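Welcome, and please open your viewer. We will go from stop to stop, with something to select at each one.

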Amino acid sequence: MKTLKIDTPSCRSVIYCGRGAFEERAPLLKGQQLFVVTDSNVNALYSDLILNTFGQVPVYVLPAGERSKNLTKLKEILTAMLTAGVTRSCTVVAFGGGVVGDIAGLAAALYMRGVRLVQIPTTLLAQVDSSVGGKTAVDFGGVKNAVGTFYQPGEVIVDPRFLSTLPIREIKCGLGEIVKYGALNGAILDRLTACSDIFDLSFLEGITYDCIAHKARVVEADERDEGGARATLNVGHTTGHAFELYYKRLSHGQFVLIGMYYELYLAQRSGCCEGAYADVLRDLIARVLGRVPAPVDAAEAAARARYDKKNEQNTRVTMIVPVGRGQTQKLTLPVARYCALIGECAAAIKEKAK
Ligand SMILES: NC(=O)c1ccc[n+]([C@@H]2O[C@H](COP(=O)([O-])OP(=O)(O)OC[C@H]3O[C@@H](n4cnc5c(N)ncnc54)[C@H](O)[C@@H]3O)[C@@H](O)[C@H]2O)c1
Ligand SMILES: [Zn+2]
């Protein structure tokens, strides 16, 4: 088990990462006033572990899935905390994937103006990304993460043992974010390209630590995502989100990879990324996805990218694109040009698939 720290103006977060992290750290929470939030799938697999580790503590079980990340469920969690007689000295334990982490984190931030939060991420995506960095939120009014706050967990326990029960779709989802880190960090890229089986759980265990270490430094530099280092974590996300809103079939991380594939094309056509480097990333994307599905209606999906949070006006699309080993840059294109290039890339994918 390795340890990482994130020091920000608001908090110190300690991250315990690696095999054995759960056995070593979680029992230390026993005896404290705990309130556990989990979801129905995780509870079905790990309710005995929760009981044996924490004892008879209140456990709120969210129905699994993104649709539970809403204000109604947030209110239910807060009500359950009140009903259980939880006080300001309680610790909320978010035991699950990113959905659990985001909503339990927000509940912890709000309850009695803030109680201690411990994240125990059980999906690969939550381990490499969402449990670290303090972003909490629920979806509202049809807008993802529309209501939320920054609230750092006091402790994050990242144990690869939970990955053994994850469906392959969720492993691919986490790999989407891991390949994104590869575009941001040359050492992570080298490990990915040198690995013959990036789905291997012991490989994922090692690279998880590297990704968290990268994110920890980014969060320290720009905790509140104020236009600095944290924006780089959005590589692949502008186009990925646009497709995600439109198609929905795949997981978030898979859309990030599809988004990155398209944005590499845009970066190349805009003269800011060398073909040889783009090929290295494209090869990794293909290793996770198999092949990149060409959107049925590229222009329609692409038009949605103009509403991305990063755009100051909806006549242009702004993205963070990979430009070289460990390097990214902001690329802004007029909507019409963006749509045309997305269409070109989709046509090229279709042609290649023939
Ligand atoms: N806060 C942040 O910085 C941040 C960053 C990225 C994503 N997110 C959010 O994270 C959410 C996505 O997270 P996710 O991909 O973990 O989704 P998720 O929480 O819905 O989990 C995916 C699925 O895996 C199941 N699951 C969880 N752990 C399991 C295990 N060990 N074994 C078997 N099944 C398990 C869940 O029940 C669910 O069905 C989104 O809401 C997204 O907005 C937040
Ligand atoms: Zn993401």
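How are the donor residues of the zinc ion (ligand 2) spaced in sequence? The pattern is E-x59-H-x14-H. Before selecting anything, note that this is a predicted model, in which local features need pLDDT of at least 70 and side-chain atom pairs count only at pLDDT 80 or more, while totals for chains, interfaces and linings use all residues. Residues are numbered from 1 along each chain as its sequence is written, chains are lettered from A and ligands numbered from 1 in the order in which they are written, and side-chain values use heavy atoms, with hydrogens and water left out.

**Stop 1: the zinc ion**

Select ligand 2 together with Glu177, His237 and His252. These are the protein donors of the zinc ion, through OE of Glu177 and NE2 of His237 and His252, and they lie 1.9 to 2.2 Å from it. Donors here are N, O and S atoms within 2.8 Å of the metal (3.2 Å for Na, K and Ca); water is not among the atoms, so sites may look incomplete. In sequence, the donor residues follow the spacing E-x59-H-x14-H. The two histidines are 15 residues apart and link distant parts of the chain: histidine 237 is in helix α9 (residues 237-247), and histidine 252 is in helix α10 (residues 252-269). Helices (H or I, at least four residues) and strands (E, at least two) are DSSP runs, numbered from the N terminus.

Are histidine 237 and histidine 252 buried or exposed? Both are buried. On this scale, buried means under 20% relative accessible area, exposed over 50%, and partly exposed in between (1.4 Å probe, protein chains only).

**Stop 2: the whole chain**

Zoom out and colour by secondary structure. The protein chain has 13 helices and 11 strands. Its radius of gyration is 20 Å, close to the 20 Å that the globule rule gives for 354 residues, so the chain is as compact as a globular protein of that length. The radius is taken over C-alpha atoms, and the rule is 2.2 Å times the number of residues to the power 0.38. Along its principal axes, the C-alpha trace spans about 60 × 40 × 40 Å.

Buried residues make up 55% of the 354 residues. A contact means heavy atoms within 4.5 Å; among contacts between residues at least 6 apart in sequence, 71% join residues at least 24 apart.

**Stop 3: two positive phi angles**

Select asparagine 145 in strand β8 (residues 143-150). Its phi is near 55 degrees, a positive value in a residue other than glycine. At 33% relative accessibility, asparagine 145 counts as partly exposed.

Now go to aspartate 225, in the loop between α8 (201-221) and α9. Phi of aspartate 225 is also positive, near 55 degrees. This aspartate counts as partly exposed, with 27% relative accessibility.

**Stop 4: lysine 2**

Lysine 2 sits in strand β1 (residues 2-7). With 47% relative accessibility, lysine 2 counts as partly exposed. Which residues does lysine 2 touch, not counting those up to four places away in sequence? They are Ile15, Tyr16, Cys17 and Tyr209.

**Stop 5**

Alanine 94 is in strand β5 (residues 91-96) and counts as buried at 1% relative accessibility. Leaving out residues up to four places away in sequence, alanine 94 touches Val37, Val100, Gly101, Ala104, Leu117, Val118, Gln119 and Ile120.

Finish at threonine 83 in helix α3 (residues 71-83). At 65% relative accessibility, threonine 83 counts as exposed.
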